[in-house]
Amino acid sequence: MWLKPNRALSRRDLRRLIGVLAALALTTAVLGAWQGNVFAPLFALVESSAVAFALGVAWRAGDRSERITLDESSLEVQSLPGRRSARFPTYWVRVRLRSGQGRDRLLLASHGRELEIGAFLGEEERAELSRKLMVLLAELNQQQRR
């Protein structure tokens, strides 16, 4: 499985949004300067830069993803772009949906280790992923017992 956050904008749409917001801020600043507020254009420039930076950081956060690989012996979670990886034996791994910090957290646990997955997903998506993983692990464990 490949888990990725939902993105509302493409890179092109993000640039358009930043351009429109900057144009509106600068238009308002020019009107303010015309009425005597000589610092309005400077403030608009600083504000537009800060908003563009914040939107860019938020958009780049959409690049993170997690790849979950399940086979007969292990369940592996690889976090990207950081390349952090964790491996759990399929027979011992447990999937838990735990409430905490104002939201449900999806945890994989085995041998005293816990790993949160899908933190960037919505509540319903985490619940669905939890059910799907439980079913897949149960089926895999049934096959191994035969």
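Okay, a definition to start: UniProt positions are given in the numbering used here, feature names are shortened, and annotations may be inferred rather than shown by experiment. With that in mind, an unreviewed UniProt entry lists residues 42-59 as "transmembrane region". And keep in mind that what we're looking at is a predicted model.

So what does that stretch look like here?

Let's pick out S48, which sits in helix 2, residues 40-60. Is S48 buried or exposed? Buried means under 20% relative accessible area, and S48 has 14% relative accessibility, so it counts as buried. Setting aside residues up to four places away in sequence, S48 touches A22 and A25. Now jump to E114: that's 66 residues from S48 along the chain, and their C-alpha atoms are separated by 42 Å.

Next, the largest nonpolar core. It has 17 residues, and the ones touching the most other members are L75, L108, I117 and L133. Strands 3, 4, 6 and 7, plus helix 3, each supply at least two residues of this core. Which element gives the most? That's helix 3, with three residues.

Zoom in on L75. If we skip its neighbours within four places in sequence, its contacts include I68, F88, L108, L133 and L137. T90 is also in contact with L75.

N141 counts as buried because its relative accessibility is 10%.

Technical notes: Residues numbered from 1 in each chain as written. Predicted model: local features only at pLDDT ≥ 70, side-chain atom pairs only at ≥ 80, totals over all residues. Heavy atoms only, no water. Buried < 20%, exposed > 50% of the residue type's maximum accessible area, 1.4 Å probe, protein only. Core = buried A, V, L, I, M, F, W, Y, C linked by side-chain atoms within 4.5 Å. Helix = DSSP H or I, 4+ residues; strand = E, 2+ residues; numbered from the N terminus. Contact = heavy atoms within 4.5 Å.
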